[in-house]
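Hi,

Here is the structure I said I would pass along. Have a look at it first, and my notes on what turned up are below.

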Amino acid sequence: MTALPAGTARRRMGGAMVTRITNAERNARFGQFGSVTLVTVDTPWGVRTVANATVARVLRQACEEAADTCSWRPQRIDSYNPRLIRGSSAPSMHGWALAWDVFATPPTMPPPGGVWKPTATFAADFAGCFQRRGFFWGRNFSRQDWPHLEWPGNPPGDGGPDPSDDILEVEVIGPGYNDQAAVRRWQRRLGQWLDKPFKPGGPYGDCDGDFGPKTTKAVKDAQRRLGIRRTGVLDANTMTEITYEILRQRASERR
Ligand SMILES: [Zn+2]
């Protein structure tokens, strides 16, 4: 391993010393893999993280499924951090915002009391939501890294996913939204939270994946109950609030 460039900072992270490098240093040392476009990802748990724009959509989908199906709840998700892999001279995928350290708490710690611990991680069913979509879980590294998930493809610009496919602004689910599975998931969630399931003959109609006037009404009802702006569409804020409420409900039911 060659000497690190001058100015390279060392910093304590999670109890271990890691070598932190700047983008310029990274590029000088490892070559230019392509520019890193970071986007903010608001997860269903109300936790904000960042992601390389090329994988933000698939990351959000995995988070949605994990929030729907798993009881563990992230308190914090760290991502972008240009540095070397701990104990190695190889660059970490954190340097491209293609890796995430997820610090989650089990359902026995309901929000907001769940306390983040450096050792906190998540269960296999949680990891499965990411693995099914192609993410790699750091538990399976020879040096096990439990909180770590990464996109195992090449960094963008080096045979990785095409950024133009997947650039993500804040996604809004509203009338005409064409991902029926996502709409159905939200209809199920809205109905559950409002105690009025989407079903034929019900006030909001069938859980059919079609965002029509009755779904708009359900969203507005939910927004009124949450005390937030009644936009009638599922914007990031509304999705986060509803999911948080559902998780809180579930946590209190367990006590
Ligand atoms: Zn990591």
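H148 is buried, since its relative accessible area of 5% falls under the 20% cut-off. Keep in mind that this is a predicted model, so treat the numbers as computed from it.

H148 also takes part in the metal site: the zinc ion is coordinated by H148 through ND1, along with H94 through NE2 and D101 through OD, at 2.0 to 2.1 Å. Along the chain, the spacing of these donor residues reads H-x6-D-x46-H. Distant parts of the chain get linked this way, with D101 sitting in strand β6 (residues 99–105) and H148 in strand β8 (residues 148–150), 47 residues apart. D101 is buried too, with a relative accessible area of 9%.

On to the sheet. β5, β6, β8 and β7 make up an open, antiparallel sheet of four strands, in the order β5-β6-β8-β7. At its edges are β5 (73–78) and β7 (136–137), each of which pairs on one side only. β7 and β8 run antiparallel and are joined by two bridges. Within that pairing, F136 has E150 of β8 as its bridge partner.

You will find D195 in the loop between α5 (180–194) and α6 (213–226). D195 is exposed, as its relative accessibility of 61% is over the 50% cut-off.

Cheers

Notes. Residues are numbered from 1 along each chain as its sequence is written. This is a predicted model: local features need pLDDT of at least 70, side-chain atom pairs count only at pLDDT 80 or more; totals for chains, interfaces and linings use all residues. Side-chain values use heavy atoms; hydrogens and water are left out. Donors are N, O and S atoms within 2.8 Å of the metal (3.2 Å for Na, K and Ca); water is not among the atoms, so sites may look incomplete. Buried means under 20% relative accessible area, exposed over 50%, partly exposed in between (1.4 Å probe, protein chains only). Two strands pair if DSSP finds at least two bridges between them.
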